[in-house]
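I opened this entry to record what I looked up in the fold, beginning with the strands and moving on to the cores and the surface.

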Amino acid sequence: MHKANQAGQNPKRKRARRMSLAARFSLLLIGILSAALACVMTAAHFFPHDNLLIAATCLLVFIPISIALVRAQLRPILELFRAMSGTVLSYQDRDFSFGLHWRRNDELADLVDAHNELGQVLREQRLDLVQRELLLDSMLQNTPVAMLLVGMRGHIVFGNITARQLLNHGRKLEGHSLEEVLQQVSQSLREAMAQGGDGLFTVSADTVRKDAVASAEESDEDEIYHLSRRHFILNGAEHELFLIRHLTVELRRQEVQTWKKVIRVISHELNNSLAPVASLANSAGALISRGQYERLPEIMKTIEERAQHLESFIHGYARFAKLPTPRLESTSWQHFIERLQSQIHFQVHGHLPEDIAQFDLAQMEQALLNLLKNALESGSSIDGVSLEVKPIVEGVRIEVADRGTGMSDAVMSNALVPFYSTKRHGTGLGLALTREIIEAHGGRISLNNREGGGLIVSLILPT
């Protein structure tokens, strides 16, 4: 006999006295033959001269006894196979808590032990997998990065807690279409998602407070986010993973560290210039007191050169640190773009707006020249650098695009940090200064990698 039992409660059986199935069925066959012989001898005793009656009597007695003996031997085996089939179905349903028990000490006992060991291994693997899944889910749910997994048809498969807070006011995202969810987020986030590549975008402070996108600390400054996306195949279907990281706090921290570094650089440069100037001035005073004026022109020239070097050095930093308040001027887009084209080469896409623009002409010219210069230095061909101006609901959008190498996630995350540069002789002020100018005009800036290579920088200016 056998019965279903909790797996793991059936210890290894001892094999000291073991009877195999072959021996068991051999004894059964001997028993059946013995019973047949006894039946014949008994019938011959009662019917010594009637062979037909002897045969009929033996068949009537022998067949039921043989069937009963065979059933008695086969019934436990058949029940064992039925129980084993049931546990296999339980394994298919990922229920590994059941095992088998076999009282006899034969080959089937080895099969039962192997079956129970398999169930034990599967149960331990299942428990380990469940623990790993719980750990992974806890990590994904509590990460500060918003994670959004979208299926091939545009429906959201997974969204963690940060994504729910960012996109759906904390409500569940799974099952909704991405297009439906994006209708209730900020315009800058919708635009970044629609660009089709990684990007850096800004959400205005008013939108942050309205949508509760930012952290608990309210701020009047715009919030900056980094968007990255990846495509992969899951269960034979294409999926897209969106990662949205809040960079404002990190950028502020990096800016503080950068300013500390800048102060050290400026202090070092000042010392390098002022120390020789002081020494030369002292030497000049000593020469004058002795009436030796021959070396004075050389000393004064050296002092002048060091002063000019120091002035140009300080001017480069002061231009960024002391950005004046924009003085709005009226100008046509046609005139403004022609001024830019007279200084740097680029293509104009689309039709320029006929409306009169209102911005600080010098500052806006500086901002766009920075972007166009970066585009030309990105590895893009001259014809691949373009500028487009188009009206939108919020005001006007200026897009500077190139077909260069684009930006990696690490570079894009630091692109707006002052003095951060990947160029050997770069100052790291171009994008940071452009950002300051655009935000001073009440607008915002976003960076996105383009499909097919290159970068597109979008400037949103309110009307």
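I started at the hairpin of β6 and β7, where two residues lie between the strands and Asn235 takes a positive phi near 55 degrees. I kept in mind that this is a predicted model. The two strands, β6 and β7 (residues 237–246), pair in the antiparallel sense over ten bridges, and within that pairing I found Arg229 opposite Phe242 in β7.

I then followed β6 to its other partner in my notes, strand β5 (residues 199–203), which runs antiparallel to β6 (residues 223–234) and is joined to it by five bridges. Here Thr202 stands opposite Ile224 in β6.

Strand β3 (residues 146–150) has five of its five residues buried.

In the hairpin of β3 and β4, which has five residues between the strands, I found Gly154 with a positive phi near 90 degrees.

I turned to the largest nonpolar core, which has 38 residues, and listed Trp333, Phe336, Leu368, Leu387 and Leu447 as those touching the most other members. Elements giving two or more residues to this core include α10 (333–341), α11 (361–376), α13 (430–440) and β13 (444–449), and α11 gives the most, with seven residues. For Leu447 I checked the contacts beyond four places in sequence, and among them are Leu200, Met407, Leu416, Leu431 and Val457. Apart from this core lies another of 21 residues, including Ala163, Val181, Val203 and Ile244.

In α13 I noted Leu431, Ala432, Leu433, Thr434, Arg435, Ile437 and Ile438 as the buried residues, and just after the helix Gly442 takes a positive phi of about 85 degrees.

Last, I looked at the surface, where Val70, Leu74 and Leu78 form a nonpolar patch with about 210 Å² of accessible area together. Val70 is found in helix α2 (residues 51–92), and I recorded it as partly exposed, with a relative accessible area of 30%.

Notes. Residues are numbered from 1 along each chain as its sequence is written. This is a predicted model: local features need pLDDT of at least 70, side-chain atom pairs count only at pLDDT 80 or more; totals for chains, interfaces and linings use all residues. Side-chain values use heavy atoms; hydrogens and water are left out. Patches are made of residues with over 30% relative accessible area and no salt bridge: like charges are joined within 9 Å, nonpolar side chains (Val, Leu, Ile, Met, Phe, Trp, Tyr) within 5 Å. Accessible areas come from the Shrake-Rupley method with a 1.4 Å probe; for residues, only the protein chains shown count as cover. A salt bridge is a side-chain nitrogen of Lys or Arg within 4 Å of a carboxyl oxygen of Asp or Glu. Helices (H or I, at least four residues) and strands (E, at least two) are DSSP runs, numbered from the N terminus. Buried means under 20% relative accessible area, exposed over 50%, partly exposed in between (1.4 Å probe, protein chains only). A nonpolar core is a set of buried Ala, Val, Leu, Ile, Met, Phe, Trp, Tyr and Cys residues joined through side-chain atoms within 4.5 Å. Contact means heavy atoms within 4.5 Å. Two strands pair if DSSP finds at least two bridges between them.
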